[in-house]
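Dear colleague,

Please open it first, and then read the notes below beside it.

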Amino acid sequence: FKVYEGENPMAKDNHLLGQFTFTGLTPAPEGAGIEVTFDIDADGIGCVTATEESTGRQQSLSFENSASALKSVVDIRKKSHR
């Protein structure tokens, strides 16, 4: 997973915050899910967590960034609740 901040529709036009590889996934039929969540705390430390829904297994990426990361996460949450 690559994690970007920004509002451009093309990933290459946004700022890469970090990336991680979710290894050891359980073989599953098409459509089996991985839930990805974004969180940022009051100190501006962000966390992206991927959870394999069938097993509950998780992997995470934490990052520190400027206030613009907070704005991006808030914007993503607003768009996802429409």
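**What was found**

Leu25 has a relative accessibility of 41%, so it counts as partly exposed, a class that lies between buried (under 20% relative accessible area) and exposed (over 50%), with a 1.4 Å probe and protein chains only. The model is a predicted one, in which local features need pLDDT of at least 70 and side-chain atom pairs count only at pLDDT 80 or more, while totals for chains, interfaces and linings use all residues. Residues are numbered from 1 along each chain as its sequence is written, and side-chain values use heavy atoms, leaving out hydrogens and water.

Leu25 sits in the loop between β2 (15-19) and β3, strands here being DSSP runs of E with at least two residues, numbered from the N terminus. Together with Phe1, Ile34, Val36 and Phe38, Leu25 makes a nonpolar surface patch of about 390 Å²; such patches join nonpolar side chains within 5 Å, from residues with over 30% relative accessible area and no salt bridge (a side-chain nitrogen of Lys or Arg within 4 Å of a carboxyl oxygen of Asp or Glu).

The sheet is open, with three strands in the order β3-β4-β5 and antiparallel pairing, where pairing requires at least two DSSP bridges between two strands. Because β3 (34-40) and β5 (58-64) stand at the edges with a single partner strand each, one side of each has no neighbour in the sheet. Seven bridges join β3 to β4 (residues 45-52), and Phe38 stands opposite Val48 in β4.

Thr49, also in β4, is buried at 12% relative accessible area.

Notes
Helices (H or I, at least four residues) and strands (E, at least two) are DSSP runs, numbered from the N terminus. Patches are made of residues with over 30% relative accessible area and no salt bridge: like charges are joined within 9 Å, nonpolar side chains (Val, Leu, Ile, Met, Phe, Trp, Tyr) within 5 Å. Accessible areas come from the Shrake-Rupley method with a 1.4 Å probe; for residues, only the protein chains shown count as cover.
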